[in-house]
Amino acid sequence: GADDDPTGRTLRAVTPAGHAEGFPEQREAALADGDPVERRHVVGTGDDERTVRATIAPVDPAGGSDRVGGITRHVTDRVERERRLRENHAILEQLTATTDDVFWLFDGAFEETRFVNEAHEDVWGQSTARLREDPSSFIEGVHPEDREAVRERIAAVYAELATVSNS
């Protein structure tokens with residue numbers, strides 16, 4: 001009904017108790033910079049605890065108004081996935097830090113290097129930074145006579161993975 005419409009109401013009037021802490025500073029920063037300001041914060045307690053991402057942006061980025069708009073999203077699942085990913089990355093780094101073997105992890109199209117250990121530099125003679133910039137650059141370390149066979153094998157692996165993922 002009409003009471004559910006937040007238009008023209010203050011942030012405190014439409015925000016559940018305890019959720020508005022930090023919003024005045026976030027609002028002022030958005031107005032001062034003319035850009036959206038984002039922050040994450042935890043709301044609730046115990047089993048009801050969740051992480052939200054609040055974005056506040058000036059209605060008129062040129063500074064002609066002191067009004068802002070905002071979006072709040074529930075991001076608890078994303079935050080948990082990011083935490084697990086960081087933990088897994090740390091474990092992978094620990095496992096590969098003391099080996100002379102190279103470990104790579106690329107996305108499915110060789111557009112992103114998700115992981116490469118330091119042994120890559122010694123074995124392939126290429127910096128890990130270069131591989132991160134251009135994942136397909138690893139092929140430069142393959143003997144020119146073998147490059148086409150390596151490309152074909154990679155294509156075959158991806159075709160096989162596509163078949164498995166589509167079944």
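How many strands form the open sheet, and in what order do they come? There are 3 of them, in the order β1-β2-β3, with antiparallel pairing. Strands here are DSSP runs of E of at least two residues, helices are runs of H or I of at least four residues, and both are numbered from the N terminus. Two strands pair if DSSP finds at least two bridges between them. The model is a predicted one, where local features need pLDDT of at least 70 and side-chain atom pairs count only at pLDDT 80 or more, while totals for chains, interfaces and linings use all residues. Residues are numbered from 1 along each chain as its sequence is written, and side-chain values use heavy atoms, leaving out hydrogens and water.

Glutamate 38 has threonine 55 of β2 standing opposite.

Two helices go with this sheet. Helix α2 (residues 23-33) lies across β1, β2 and β3 and runs at about 35 degrees to β2. Helix α3 (residues 76-96) also packs on the sheet, touching β1, β2 and β3, and its direction makes about 110 degrees with that of β2. Touching, or contact, means heavy atoms within 4.5 Å.

Helix α2 has a buried side, made of Phe23, Gln26 and Ala30. These residues sit on the same side of α2 because they cover an arc of only 60 degrees around the axis, the arc being that of the directions from the helix axis to the C-beta atoms. Turned away from that buried side is a face with the exposed residues Glu25 and Ala32. Buried stands for under 20% relative accessible area, exposed for over 50%, and partly exposed for anything in between (1.4 Å probe, protein chains only). Just after α2, glycine 34 takes a positive phi of about 75 degrees.

Next come the nonpolar cores. A core is a set of buried Ala, Val, Leu, Ile, Met, Phe, Trp, Tyr and Cys residues joined through side-chain atoms within 4.5 Å. The largest one has 7 residues in all: Phe106, Phe110, Val116, Leu131, Phe138, Ile139 and Val142. A second, separate core has 6 residues, among them Ala20, Phe23, Val37 and Ile56.

Phenylalanine 106, a member of the largest core, stands opposite threonine 113 in β5. Strand β4 and strand β5 (residues 113-116) run antiparallel and are joined by 3 bridges. Their hairpin has 6 residues between the strands, and there phenylalanine 110 takes a positive phi near 55 degrees. Neighbours within four places in sequence aside, phenylalanine 106 is in contact with Glu112, Thr113, Arg114, Leu131 and Pro135.

What about the aromatic rings? Rings of Phe, Tyr and Trp (its six-membered ring) pair if their centres lie within 6.5 Å; planes under 30 degrees apart count as stacked, over 60 as edge-to-face and the rest as tilted. By this rule there are 5 aromatic pairs. Tryptophan 104 has 30% relative accessibility, so it counts as partly exposed, whereas phenylalanine 106, at 14%, counts as buried. Phenylalanine 106 and phenylalanine 138 form a tilted pair too, at 6.1 Å centre to centre and 35 degrees between the planes. That pair links distant parts of the chain, 32 residues apart: phenylalanine 106 is in strand β4 (residues 104-106), and phenylalanine 138 is in the loop between α5 (128-133) and α6 (147-165). With a relative accessible area of 7%, phenylalanine 138 is buried. One aromatic cluster is formed by Trp104, Phe106, Trp124 and Phe138.

Two more residues round out the picture. Threonine 128 lies in helix α5 and counts as buried because its relative accessibility is 7%. Apart from neighbours within four places in sequence, threonine 128 is in contact with Val116, Asn117, Glu118, His120 and Glu121. Asparagine 166 belongs to the segment after α6 and is exposed, with a relative accessible area of 67%.

Terms used. Axes are lines fitted to C-alpha atoms, for helices over the stretch in contact, and angles run from 0 to 180 degrees between N-to-C directions.
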